[in-house]
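Below is a briefing on one protein chain.

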Amino acid sequence: MAKTNQSLTTEFILIGFTDHPELKVLLFVVFFAIYLITMVGNLGLVALIYMERRLHTPMYIFLGNLALMDSCCSCAITPKVLEDFFSDDRTISLYECMVQFYFLCLAETADCFLLAAMAYDRYVAICSPLQYHTMMSKKLCIQMSIASFITSNLHSLIHVGFLLRLTFCKSNQIDHFFCDILPLFRLSCTDPYINELMIYIFSMPIQIFTIATVLISYFCILYTIFKMTSKDGRGKAFSTCASHFFSVSIFYVCLLMYIRPFEEGDKDIPVAIFYTIVIPLLNPFIYSLRNKEVIDILKKIWKTYNILKINSSPIEN
């Protein structure tokens with residue numbers, strides 16, 4: 001009987017958003033547009049940072065990696081969501097479910113470390129500007145980025161490994177639009193106590209460390225800014241931190257709303273939409289539209305494109 005129950009739950013059904021055909025078409029268009037803009041924005045930012053030597057600085061190294069992880073998060077979630085809008089069964093196998101959760105966990109954990117690294121970078125830039133190039137060398141930034149990816153990978157593998165110990169015999173319907181850890185706990189007929197313990201042992205220290213790094217960095221930044229006598233200096237210091245502070249605030253507010261006691265609640269899906277789909281969409285625009293260097297480079301590229309277009313027109317005629 002145990003074997004039968006286990007074999008019946010090797011596939012899950014993602015309930016998703018709605019069963020109304022009209023709403024499905026509308027939601028498909030909306031989510032497809034978001035996915036397209038997210039991928040173009042994030043991968044375009046990665047390409048711009050890679051090609052433009054002026055952007056080979058610590059902040060942009062972290063930003064490029066953040067954009068890469070946002071692309072990973074979007075790729076892990078949105079294609080399956082789009083497929084399920086017009087799928088009759090909306091099924092996902094147990095191993096596909098684990099792979100989806102692995103990449104989501106990898107991206108979200110790496111985001112935590114990268115946002116903390118960016119906060120520390122801003123702290124050094126504002127509080128110790130004369131030592132900035134020594135304290136934030138390119139080699140150190142690459143090492144920090146690699147360390148964040150390795151740690152995130154190990155963190156994801158640990159949770160996936162412990163998820164595979166669970167058996168699912170209560171139901172095969174996941175009341176969500178992707179395979180997340182809390183809905184899987186609710187479907188498990190094995191006590192997820194050990195899994196919850198692993199979250200407290202591994203995930204909580206990561207959250208505490210990264211949030212503490214961000215808070216301490218910004219406390220020191222604000223203290224240094226308020227000590228400045230020059231209004232121009234204060235304005236410039238605030239402008240260099242504004243994009244990152246806005247991004248990190250949205251990310252951690254959503255994450256802390258979602259990470260709460262393991263009880264069933266009706267806020268899972270709205271908050272999950274925000275931190276898995278909306279935040280990857282917003283990040284490249286938050287950092288690009290408020291960044292003079294990026295805007296200047298984009299203007300230069302657009303100007304070069306127009307010149308080439310004008311020069312090629314007589315040849316085409």
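Phe28 is partly exposed in this predicted model, with a relative accessible area of 26%. The structure holds 12 aromatic pairs. Phe28 and Phe86 form one of them, in edge-to-face geometry.

**Aromatic pairs**
- The ring centres of Phe28 and Phe86 are 5.1 Å apart.
- Phe28 sits in helix α2, residues 21–51. Phe86 sits in the loop between α3 (58–85) and β2 (91–93). The pair links distant parts of the chain, 58 residues apart.
- A cluster joined by ring pairs contains Phe17, Phe31, Phe85, Phe177 and Phe178.

**Helix α3**
- Helix α3 has 28 residues and should span 40 Å at 1.5 Å a residue. The C-alpha atoms at its ends are 41 Å apart, which agrees.
- A kink of about 30 degrees lies at Cys75 in α3.
- Helix α3 is mostly covered, with 24 of its 28 residues buried.

**Disulfide Cys97–Cys179**
- The model has two disulfides. One of them joins Cys97 to Cys179, with an S to S distance of 2.0 Å.
- The torsion about the S-S bond of Cys97 and Cys179 is about -120 degrees, so this disulfide is left-handed.
- Cys97 lies in helix α4 (residues 94–127), and Cys179 lies in the loop between β3 (173–174) and α7 (181–187). The bond therefore ties together parts that are 82 residues apart in sequence.
- Cys97 is buried, at a relative accessible area of 0%. Cys179 is buried as well, at 0%.

**Disulfide Cys169–Cys189**
- Cys169 and Cys189 form a disulfide with their sulfur atoms 2.3 Å apart. The cut-off is within 2.5 Å, so the pair counts.
- Cys169 is in the loop between α6 (138–163) and β3. Cys189 is in the loop between α7 and α8 (193–227). This pair also links distant parts of the chain, 20 residues apart.
- Cys169 is partly exposed at 35% relative accessibility. Cys189 is partly exposed too, with a relative accessible area of 36%.
- With the bonded cysteines numbered in sequence order, the pairing is 1-3, 2-4.

- Cys72 is in no disulfide. The nearest cysteine sulfur belongs to Cys75 and is 7.2 Å away. Cys72 counts as buried, at 17% relative accessibility.
- Cys105 is buried, with a relative accessible area of 9%.

**Confidence**
- The protein chain has a mean pLDDT of 85. Of its residues, 91% reach 70 or more.
- Among the elements of the chain, α6 has the highest mean pLDDT, at 94. Helix α1 (residues 2–8) has the lowest, at 44.
- Over residues 1–7, pLDDT stays under 50. The model has three contacts beyond four places in sequence for residues 1–7.
- Where pLDDT is low, predicted coordinates should not be read in detail.

Notes:
Residues numbered from 1 in each chain as written. Predicted model: local features only at pLDDT ≥ 70, side-chain atom pairs only at ≥ 80, totals over all residues. Heavy atoms only, no water. Helix = DSSP H or I, 4+ residues; strand = E, 2+ residues; numbered from the N terminus. Buried < 20%, exposed > 50% of the residue type's maximum accessible area, 1.4 Å probe, protein only. pLDDT = per-residue confidence, 0-100. Contact = heavy atoms within 4.5 Å. Phe/Tyr/Trp six-rings, centres within 6.5 Å; stacked < 30°, edge-to-face > 60°. Expected span 1.5 Å × (residues − 1). Bend = angle between axes of the 7 residues up to and from the residue.
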